[in-house]
Amino acid sequence: MSLQSLLYHAFGLKDQDYLKTEYESGNVIIHIQTKADHLCCAGCKSKDVIRKGVVERRFRTVSIGLKPVFLHARIQRLECRTCGQTLQEEIKYADEKKSTPEP
Ligand SMILES: [Zn+2]
């Protein structure tokens, strides 16, 4: 099974492109980014967006065997031509609201 199909079937990341895998002190780091044709405004869902840079984030995810696995995401900042906001793309595989509650 290729990593692209592992991401698709095991992690449900069907809108993500698999970039590469790194092995760092016993951890597996899977680099991903949202496919260009899946990018849309987090505010109004418009696809009429301009890419405004990238923020890199790591998320712990399901382990493979005994190896901790992290998703290293290139999260894109998008300027929306429909509503005028500049927002980070919506990340569906990490529920940040649950893992890091607002103070
Ligand atoms: Zn918008």
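1. Ser-25 sits in the loop that joins strand S1 (16-24) to strand S2 (27-34). In this predicted model, Ser-25 is not a glycine, yet its phi is positive, at about 35°.

2. Is Ser-25 buried or exposed? Ser-25 has 5 other C-beta atoms within 10 Å. A residue with 12 or fewer such neighbours counts as exposed, and Ser-25 is therefore exposed.

3. Lys-45 is another residue to check by eye. Its phi is near 70°, a positive value, and Lys-45 is a residue other than glycine. Lys-45 belongs to the loop between S2 and strand S3 (49-64).

4. How many C-beta neighbours does Lys-45 have inside 10 Å? The count is 11. Because the cut-off for an exposed residue is 12 or fewer, Lys-45 counts as exposed.

5. On the overall layout, the protein has 2 helices and 5 strands. Read from the N terminus, the order of the elements is α-β-β-β-β-β-α.

6. Among contacts in the protein with a separation of 6 or more, 50% are between residues 24 or more positions apart.

Note on methods
Residues are numbered from 1 along each chain as its sequence is written. This is a predicted model: local features need pLDDT of at least 70, side-chain atom pairs count only at pLDDT 80 or more; totals for chains, interfaces and linings use all residues. Helices (H or I, at least four residues) and strands (E, at least two) are DSSP runs, numbered from the N terminus. Two residues are in contact if their C-beta atoms, placed from the backbone, lie within 7 Å. A residue is buried if 20 or more other C-beta atoms lie within 10 Å of its own, exposed if 12 or fewer, and partly exposed in between; C-beta atoms are placed from the backbone.
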